[in-house]
Amino acid sequence: MARWIAGLDGCRGAWAGVLLDLDAPERFRVARFAQVADVLDGAEAPIVVGIDVPIGLPARTASGRSADRAARLLLGKSRSSVFPVPPRSAVEAGSYEEAKRLARLASDPPRAFSIQCWNILPYIRTVDALLRARPELRARLHEVHPEVAFFRLNGDRALAASKKRAEGAEQRRGLLREAGLPEALVASAPPPGIGRDDHLDALAGLVVARDIAEGRATRLPPEPEHDSHGLPVVIWAPALRGAVADAACGT
């Protein structure tokens with residue numbers, strides 16, 4: 001019986017997706033998905049999906065969700081892409097101006113957020129609505145952060161080059177190979193409409209999904225909070241490996 005897992009990354013109104021059969025790793029699929037539900041309800045029906053989107057929205061915020069703070073603490077100076085998730089009222093707003101107003105009302109100190117953040121809120125709303133409407137999916141769909149994943153795969157060290165540069169992309173492919181993904185999958189071309197960097201981020205989500213399925217992934221923070229709808233506030237990271245794992249275990 002096949003046990004599929006998946007990694008998803010939002011891109012241009014759709015999702016970059018990669019799927020792998022844990023019991024037969026030579027079986028995989030890369031695709032562009034219109035909806036997250038298309039992956040969960042598809043033929044593979046993955047048992048675990050790592051998705052690069054915030055899950056669990058704060059009613060009020062000061063320095064961000066506990067998961068965001070834990071991720072920034074882990075990444076240190078390389079934390080540039082871990083942004084504070086706006087409060088739920090702002091996420092659910094119908095316009096950017098209204099969202100900024102509501103964000104100021106529900107943050108301490110009052111602050112709005114960038115238009116770049118506003119542009120990704122549709123992804124957050126989609127996943128939030130899906131998990132609220134179908135709570136059984138909460139055991140399968142888990143928040144990941146590609147920068148956290150690659151940082152962990154690199155021995156808890158920042159990567160030297162951006163993923164948008166050729167050398168940065170190749171370094172990330174090397175880390176994915178070392179993490180145990182099949183060479184053919186790591187070398188696979190992004191499907192039409194998917195950028196190379198989004199494809200790499202989906203592969204990072206796949207590594208985390210595998211470690212979750214195998215009970216080896218780590219949580220940021222270790223004891224997650226839950227939002228007002230019971231959604232977990234946690235970013236999942238790959239298992240510690242090599243010298244970093246040995247040091248953590250005191251060996």
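Modeller: This is a predicted model.

Colleague: Where is His226 found, and what does His226 touch?

Modeller: His226 is found in strand β6. Leaving out residues up to four places away in sequence, His226 touches Leu231, Pro232 and Val233. Leu57 is 169 residues from His226 in sequence, yet their C-alpha atoms are 8.6 Å apart in space.

Colleague: How do you know that β6 and β7 pair?

Modeller: Two strands pair if there are at least two bridges between them. Strand β6 (residues 218-226) and strand β7 (residues 232-237) are joined by five bridges, so they count as paired. The two strands run antiparallel. Glu225 stands opposite Val233 in β7.

Colleague: What lies between the two strands of that hairpin?

Modeller: The hairpin of β6 and β7 has five residues between the strands, and Gly230 takes a positive phi near 80° in this hairpin.

Colleague: What makes the contact of Arg132 and Glu92 a salt bridge?

Modeller: A salt bridge needs a side-chain nitrogen of Lys or Arg within 4 Å of a carboxyl oxygen of Asp or Glu. For Arg132 and Glu92 the N to O distance is 3.4 Å, so the pair qualifies. Arg132 is in helix α5 and Glu92 is in the loop between α3 (88-91) and α4 (96-105), so the two are 40 residues apart and the pair links distant parts of the chain.

Colleague: Are Arg132 and Glu92 buried or exposed, or in between?

Modeller: Buried means under 20% and exposed means over 50%, with partly exposed in between. Arg132 is at 35%, so Arg132 counts as partly exposed. Glu92 is at 44%, so Glu92 is also called partly exposed.

Colleague: Which distances make salt bridges of Arg177 with Glu183 and of Glu214 with Arg216?

Modeller: Arg177 and Glu183 meet at 2.6 Å, N to O. The closest N and O atoms of Glu214 and Arg216 are 2.8 Å apart. Each value is within 4 Å, so both pairs count as salt bridges. Salt bridges that share partners also join Arg88, Glu92, Asp128, Arg132 and Asp227 into one network. The structure holds 25 salt bridges.

Colleague: Why is α6 called largely enclosed?

Modeller: Seven of the eight residues of α6 are buried, so α6 is largely enclosed by the rest of the structure. The buried ones are Pro146, Val148, Ala149, Phe150, Phe151, Arg152 and Leu153. Just after α6, Gly155 takes a positive phi of about 75°.

Colleague: How much space lies in the largest pocket, and which residues are closest to its centre?

Modeller: The largest pocket has about 950 Å³ of space. It is lined by 40 residues, of which Asp52, Ser81, His145, Lys163 and Asp201 are the closest to its centre. The elements that give two or more residues to this lining are β1 (4-11), α5 (115-133), α6 (146-153) and α9 (196-213). α5 gives the most, with six residues.

Definitions and conventions:
Residues numbered from 1 in each chain as written. Predicted model: local features only at pLDDT ≥ 70, side-chain atom pairs only at ≥ 80, totals over all residues. Heavy atoms only, no water. Helix = DSSP H or I, 4+ residues; strand = E, 2+ residues; numbered from the N terminus. 1 Å grid on protein atoms, 1.4 Å probe; cavity = no way out; pocket = protein on both sides within 12 Å on 5 of 7 lines; lining within 4 Å. Points joined across faces, edges and corners; volume = space filled by probe spheres on them. Buried < 20%, exposed > 50% of the residue type's maximum accessible area, 1.4 Å probe, protein only. Contact = heavy atoms within 4.5 Å.
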